[in-house]
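Keep the structure open as you read.

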Amino acid sequence: MKFFVDTADIAEISELNDTGLLDGVTTNPSLVAKTGKDFFATVKEICKIVKGPVSAEVTATDHATMLAEGRKLAEIATNIAVKVPLTLDGLKTCKLLSDDGIMVNVTLCFSPAQAILAAKAGATFISPFVGRLDDIGHDGMGLIADIVQIYNNYSDFQTEVLVASIRHPMHVVEAAKLGADICTVPPAVLKSLVKHPLTDKGLDAFLADWKKTGQSILGNP
Ligand code: E4P
C-alpha cells in the first residue's frame, strides 16, 4: 500500500518525506487556502521535495477552462497529477489529459458508478471520500470495497484506488484489508499510525532494565 500525505503544508511534507514512508502528496483548494501561501510556488516546492505524484486541483468547472488549467498545472513538474472533479466536464478533461500522458486524479467520488466512469476516462487515480460519507451516516468503507471489487473485475481498468477524506487510523487499516492501492492521510493521522501504548510501555521497561546493566552498545570496543 502506498501512503500519500493530504496537506499543502511544506514543513509537514518535508518532515514526513524524511521518514522514507511517503509515496506522494494530495492537495485541494481548501488545503492550499489554509496555508495562506501562493498556490504555484507551493506546489512547485512540494514537487521538488517529494518524488512521487503530487495532486494539484483545477478550479474551473467548464471543460475548456479545466483543460487549460490542467495543462498549465502539468507544466509545473513531471510528477504533477492534475486533480479534476467527478463531473462530466471533469471526466472529459480527464480523458484528454490522460491521452496526453498526464497523470489525473479524479476527486470528489462518492459512488461506485462514478468510479466506473473515472476508470473509463483513463484516470490514474480515483479519490473516494470515506470520511465525508461516514459524516452523513453512509458507509465510506463500503464504497472502497465496491470500487476495489469492480476494478478487479476488469483488467483494462488501470485506475488506482486512492482512499481520501481519511479521519483516523482504522480507515487506513480497513482500506489496506480491502486492497486499496493508496491512502492519502492527514499528517496527524499518519503520525498516529505508529502509536501504541504497549510499545511505549515495553520500551520504557527495556530501557530501564538496560540502564541497570551499566553497559553501552556504542561504548563497546
Ligand atoms: C484529498 O484528495 C481530498 O481532497 C481530501 O482527502 C478531503 O478530505 P476532507 O474530507 O477531510 O476535507
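Helix H6 (residues 112–120) and helix H8 (residues 140–152) cross at roughly 40°, and their axes come within 9 Å. Helices here are DSSP runs of H or I with at least four residues, numbered from the N terminus, and axes are lines fitted to C-alpha atoms over the stretch in contact, with angles from 0 to 180 degrees between N-to-C directions. That angle makes H6 oblique to H8; oblique is what remains after under 35 degrees (roughly parallel), over 145 (roughly antiparallel) and 65 to 115 (roughly perpendicular). From H6, Pro112, Ala115, Ile116, Ala118 and Ala119 make the contact, meeting Leu143, Asp146, Ile147, Ile150 and Tyr151 of H8, where contact means heavy atoms within 4.5 Å.

This is a predicted model: local features need pLDDT of at least 70, side-chain atom pairs count only at pLDDT 80 or more, and totals for chains, interfaces and linings use all residues. Residues are numbered from 1 along each chain as its sequence is written, and side-chain values use heavy atoms, leaving out hydrogens and water.

Now look at helix H4 (residues 63–74) and helix H5 (residues 88–99), whose axes come within 9 Å and cross at roughly 40°. H4 is therefore oblique to H5.

What surrounds the ligand? Asp6, Thr26, Asn28, Lys83, Phe129, Arg132, Ala164, Ser165 and Arg167 do, each with a heavy atom within 4 Å of the ligand. An N or O atom in the side chain of Asp6 is 2.6 Å from a ligand oxygen atom. For Ser165, an N or O atom of the side chain is 2.7 Å from an oxygen atom of the ligand.

Conventions. Helix = DSSP H or I, 4+ residues; strand = E, 2+ residues; numbered from the N terminus. Polar contact = N/O pair within 3.5 Å; in protein donor to acceptor, adjacent residues only side chain to side chain.
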